[in-house]
Amino acid sequence: SLRLYPATEGIFDDADDQEFDSLQATILNPGEAVAILYKSTDQKWNFVQSNNYRGWVLADNIGETSYKEWLKWQNPDRFLVVTAANSGSNR
């Protein structure tokens with residue numbers, strides 16, 4: 001959740017509307033790289049720059065690592081491609 005302000009509470013057009021939060025800018029995908037530009041004084045929020053957005057993310061939702069380590073995760077030597085869902089019970 002990429003927020004316009006470092007707050008978990010939302011701003012909605014009316015009391016019954018819980019669908020459109022005016023403070024929600026966008027979402028980030030798992031593994032998406034961001035640059036941390038600033039940390040709040042309480043260390044609970046990070047102001048980040050993604051590929052095309054800037055905003056606040058809860059610090060607990062970000063795994064900090066070096067760029068070199070992130071590249072290893074993005075381009076592993078070995079990987080698995082899942083082509084279908086199968087619980088294994090229908091064999």
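Predicted model: local features only at pLDDT ≥ 70, side-chain atom pairs only at ≥ 80, totals over all residues.

Student: OK. How many bridges join strand 3 to strand 4, and do they run parallel or antiparallel?

Tutor: Four bridges join them, and the two strands run antiparallel.

Student: Which residue in strand 4 does Tyr 38 stand opposite?

Tutor: Phe 47.

Student: What about the hairpin, how many residues lie between the strands?

Tutor: Five residues lie between strand 3 and strand 4. Gln 43 sits in that loop, with strand 3 spanning 35–39 and strand 4 spanning 45–49.

Student: What is the phi of Gln 43?

Tutor: Near 65 degrees, a positive value in a residue other than glycine. Most residues other than glycine have a negative phi.

Student: And how exposed is Gln 43?

Tutor: Partly exposed, at a relative accessible area of 48%. The cut-off for exposed is over 50%.

Student: Which of them are closest to the centre?

Tutor: Glu 32, Ala 33, Val 34, Ile 62 and Gly 63.

Student: Which element gives the largest share of the lining?

Tutor: Helix 1, residues 67–74, with three residues.

Student: How does the lining divide into nonpolar, polar and charged?

Tutor: 10 nonpolar, seven polar and two charged.

Terms used. Residues numbered from 1 in each chain as written. Heavy atoms only, no water. 1 Å grid on protein atoms, 1.4 Å probe; cavity = no way out; pocket = protein on both sides within 12 Å on 5 of 7 lines; lining within 4 Å. Nonpolar A, V, L, I, M, F, W, Y, C, P; charged D, E, K, R; others polar. Buried < 20%, exposed > 50% of the residue type's maximum accessible area, 1.4 Å probe, protein only. Pairing = 2+ DSSP bridges.
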